[in-house]
Amino acid sequence: MVFTSITFLFYFLPITLVIYYMVPNKFKNIILLIASLLFYFYGEPKYVWLMISSIIITYIFGILIDKYKKQSKIFLILSIVTIVGILMYFKYISFIIENINLIISNKIHFIYIALPIGISFYIFQMVSYLIDVYKGEAKVQKNILKVAMYISLFPQLIAGPIVRYTTIEEQIEKRNYTIEKFSLGVRRFIIGLGKKVLIADVLGELNTVVLGSNEISVLYYWLYGISGMLQIYFDFSGYSDMAIGLGKMLGFEFLENFNYPYIATSITDFWRRWHISLSTWFRDYVYIPLGGNKVSNIKWFRNLLIVWILTGLWHGAAWNFVIWGLYFGILLIIEKIFLGKILKKAPKTLARIYTLLIVMISFIIFNGDSVTSILQNIGGLFGTNNIPIASKESIYYLKSYFIIILISIIGSTPILKNIASTNKKIDKFINCIEPIFLLFILIISTSYIIDGSFSPFLYFRF
């Protein structure tokens, strides 16, 4: 089940909220657990057993780590090997065997394994829970139903953000419910819905047109690069907004996952703003345990490359994701050595142009299906193979999609937010028309969904 579906918007969510608020507080976690399992079962019925089994394994190892202090490290290692082994098998075994078969003559026969939805997200939540219990940063949860509810919580189950147990540990036991909090949740959810349906999906249409065109030109490649990076931002940040909004409706407070990444002045700054729950997860559970930057330069750079190769692989079992991770790892090392100092002294406009260009190229790599297509799409930005600057078709589509591109560029920055915060009259006006505006977004988004003019979230494949 996806958030941008009639089933979720007009059946599952209203029924869940009504039952949730009707029952006494002591039963709310059970209702959430049942709803979350039904939510996952609807979209992935054959793999719900896998998530339940993983939850049981996590619960048992959490108890063992907490109870047997002397053997806790052994239990931690065993738990991580087991849980990450599940992720490795379902997400990477096909990729590993395919590459082995390219090397050896006696081919290994295997059956392609479908990737369970959301496995990368809920496995990482399990790992963080166990490590935090081991380090004493989280109290072990002895109620298996509460462990299950935390891991399977439907707002963030299938595309994040990665919610750590320490973030909602107290909220699992006791949450605050207010009309103001609920209304803020509804507001955030509708904004996320609009981002996804009215912006990301429309930009996705442009990407499809560009990729299917025979009249290639430099303008077409730039349309592909710009619309692609805007699409993935509005798609993923839209989902995060919806997840955070749903969390508020249910009394939870999830941490922010995006902070205007396209105004970043360096790649280092970009990754402090983009998919914050993932970048901080790798920082705390991989980078720092490896020694972080408190080691020799060679080991420091090694740590960065390990983290970014793993970050790339986390996004998918394919070489373009490995290249994507290495691309960022190498650029971050260059910034650490000397480029970061130059960027700090450079005009912010130049630093932002540099960052946006690097990020745009990164998403061309990210979306590439082969090294050849990646090189062709990047080269096309700079007019390789003597392609024309523009064509009638590319100009036509630029005019057709100009308004949505302009809206998405403005929407990816805090310009409007800053104007409203510094001008009381504008802020008051926005507050007055906001309910009407939100209702308009909901109606138009619903119309698009009914019409079938939407696509699944891009991050579902991870």
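What volume does the largest cavity have? The largest cavity comes to about 30 Å³, and with a threshold of 30 Å³ or more the count is one cavity. Here a cavity is a set of points, on a 1 Å grid over the protein atoms alone, where a 1.4 Å probe fits but cannot get out, and lining residues have an atom within 4 Å of a point. Grid points are joined across faces, edges and corners, and a volume is the space filled by probe spheres set on the points.

Before going on, a word on the source: this is a predicted model, in which local features need pLDDT of at least 70 and side-chain atom pairs count only at pLDDT 80 or more, while totals for chains, interfaces and linings use all residues. Residues are numbered from 1 along each chain as its sequence is written, and side-chain values use heavy atoms, with hydrogens and water left out.

**Overall build**

The protein chain has 18 helices and zero strands; both are DSSP runs numbered from the N terminus, helices being H or I with at least four residues and strands E with at least two. Along the principal axes, the C-alpha atoms fill a box of roughly 65 × 65 × 50 Å. A compact globule of 462 residues would have a radius of gyration near 23 Å, and the protein chain agrees, with 23 Å. That radius is taken over C-alpha atoms, and the globule rule is 2.2 Å times the number of residues to the power 0.38. Of the 462 residues, 53% count as buried, where buried means under 20% relative accessible area, exposed over 50% and partly exposed in between (1.4 Å probe, protein chains only).

**Pockets and the cavity**

A pocket is an open set of grid points with protein on both sides within 12 Å along at least five of seven lines. For the lining classes, Ala, Val, Leu, Ile, Met, Phe, Trp, Tyr, Cys and Pro count as nonpolar, Asp, Glu, Lys and Arg as charged, and the others, Gly among them, as polar.

| Space | Volume | Lining by class |
|---|---|---|
| Largest pocket | about 1,500 Å³ | 24 nonpolar, nine polar, nine charged |
| Second largest pocket | about 610 Å³ | 21 nonpolar, no polar, two charged |
| Largest cavity | about 30 Å³ | five nonpolar, three polar, no charged |

The largest pocket has a volume of about 1,500 Å³. Its lining holds 42 residues, and Arg187, Ile191, Gly411, Leu416 and Phe437 are the closest to its centre. Helices H8 (179–211), H9, H16 (392–411), H17 (415–422) and H18 (424–451) give two or more residues to this lining, and H18 has the largest share, with eleven residues.

In the second largest pocket, 23 residues form the lining, with Val84, Trp281, Phe282, Val286 and Leu310 nearest the centre. Helix H4 (72–101) supplies the largest share of that lining, seven residues; H11 is among the elements that supply at least two.

As for the largest cavity, its lining consists of Tyr224, Gly225, Gly228, Met229, Met360, Phe363, Ile364 and Asn367.

**Aromatic pairs and charges over rings**

There are 55 aromatic pairs in the structure. Rings of Phe, Tyr and Trp (its six-membered ring) pair if their centres lie within 6.5 Å; planes under 30 degrees apart count as stacked, over 60 as edge-to-face and the rest as tilted. Tryptophan 281 and tyrosine 285 have ring centres 5.1 Å apart and planes at 50 degrees, so this pair is tilted. The two are four residues apart in helix H11 (residues 276–287), about one helical turn, and both are buried.

Phenylalanine 363 and phenylalanine 366 form an edge-to-face pair, 6.0 Å centre to centre with 85 degrees between the planes. They lie three residues apart in helix H14 (residues 348–367), and both are buried.

Lysine 28 lies over the face of tyrosine 20, 5.3 Å from the ring centre, and its charged end also sits over the ring of tyrosine 177, at 5.5 Å from the centre. The rule asks for NZ of Lys or CZ of Arg within 6 Å of the ring centre and within 35 degrees of the ring normal.

**Positive phi in two loops**

Most residues other than glycine have a negative phi. Tyrosine 260 has a positive phi near 45 degrees; this residue lies in the loop between helix H9 (218–249) and helix H10 (267–273) and is partly exposed, at 21% relative accessibility. Histidine 275 also has a positive phi, of about 45 degrees. Histidine 275 sits in the loop between H10 and H11 and is buried, with a relative accessible area of 0%.
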